[in-house]
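Reader: I would like to learn how to read a model like this one. Please take me through it feature by feature.

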Amino acid sequence: MKGPNIRLAAKGDVDGIASIAVESGQSSWNERALSEVLENPQAIVFVCVAEDIIAGYVILYYAADEGEITSIAVSDQFRRQGFGRLLIEEISREALGRGVLKIYLEVRSSNAAARGLYNSTNFCEVGIRKGFYTDPIEDAIVMVREL
């Protein structure tokens with residue numbers, strides 16, 4: 001088995017990304033929303049391809065020198081293999097190349113695995129958004145990474 005490939009997302013990747021989004025509880029990222037983000041010049045979308053299928057994705061919006069990761073997910077069958085880390089590193093390199101100096105994200109306070117990943121990729125906790133998430137209602141931890 002060859003290693004994963006990280007690349008910019010294309011229109012043909014929308015179904016695979018949407019499937020992972022639903023699997024990860026991010027149903028707002030449907031095919032229409034993903035098609036629109038792929039056409040947005042202020043967005044960067046990368047996919048991780050493993051075994052010839054979309055294994056994960058990351059979406060970042062940016063303006064001036066700041067960016068925000070609005071969604072990142074890896075398919076259940078590919079978790080704990082370093083794909084999330086690869087996606088974060090690649091999106092960070094691309095964002096820096098476009099003049100981004102800081103990347104923000106929010107994560108559920110109960111999501112210990114994601115928080116561990118973000119801490120290990122140099123994100124620091126900088127705030128809390130009370131009741132940010134619904135279904136269930138939960139606080140978000142705001143994190144930032146300086147590039």
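Author: Helices (H or I, at least four residues) and strands (E, at least two) are DSSP runs, numbered from the N terminus. This is a predicted model, where local features need pLDDT of at least 70, side-chain atom pairs count only at pLDDT 80 or more, and totals for chains, interfaces and linings use all residues. Residues are numbered from 1 along each chain as its sequence is written, and side-chain values use heavy atoms, with hydrogens and water left out.

Reader: Is L86 buried or exposed, or partly exposed?

Author: Buried means under 20% relative accessible area, exposed over 50%, and partly exposed in between (1.4 Å probe, protein chains only). L86 has 37% relative accessibility, so it counts as partly exposed.

Reader: Which residues does L86 touch?

Author: Contact means heavy atoms within 4.5 Å. Not counting residues up to four places away in sequence, L86 touches P4 and I6. I137 is 51 residues from L86 along the chain, and their C-alpha atoms are separated by 30 Å.

Reader: And where is D13?

Author: D13 sits in the loop between β1 and α1 (14-23). Its relative accessible area is 7%, so D13 is buried. D13 touches R7, L8, V47 and I54, again leaving out residues up to four places away in sequence.

Reader: How do I read the order of the elements?

Author: Count, then walk. The chain has four helices and seven strands. From the N terminus on, they run β-α-α-β-β-β-α-β-α-β-β.

Reader: In which order do the strands form the sheet?

Author: Two strands pair if DSSP finds at least two bridges between them. Here seven strands form an open sheet, ordered β1-β2-β3-β4-β5-β7-β6, with mixed pairing. β1 (5-8) and β6 (124-133) are the edge strands, each pairing on one side only. The twist averages 25 degrees from one strand to the next. Axes are lines fitted to C-alpha atoms, for helices over the stretch in contact, and angles run from 0 to 180 degrees between N-to-C directions.

Reader: What is the sense of pairing between β1 and β2?

Author: β1 and β2 pair in the antiparallel sense, over four bridges. N5 stands opposite V49 in β2.

Reader: Which strands does α4 lie across?

Author: α4 lies across β4, β5, β6 and β7. The helix runs at about 160 degrees to β5.

Reader: How many residues are in the largest nonpolar core?

Author: A nonpolar core is a set of buried Ala, Val, Leu, Ile, Met, Phe, Trp, Tyr and Cys residues joined through side-chain atoms within 4.5 Å. The largest has 27 residues, and L60, I69, L87, Y118 and F123 have the most contacts inside it. Helix α3 gives the largest share, five residues. Another core lies apart, with 17 residues, including I20, A21, A43 and Y57.

Reader: What does Y118 contact?

Author: Leaving aside neighbours within four places in sequence, Y118 is in contact with I72, I88, L105, V107, F123 and M143.

Reader: How many disulfides does the structure hold?

Author: A disulfide is a covalent bond between the sulfur atoms of two cysteines. The test is a pair of cysteine sulfur atoms within 2.5 Å. The structure holds zero. C48 is buried at 0% relative accessibility, whereas C124 is partly exposed at 46%.

Reader: How much of the chain is buried?

Author: Buried residues make up 41% of the 147 residues. Among contacts between residues at least 6 apart in sequence, 59% join residues at least 24 apart.
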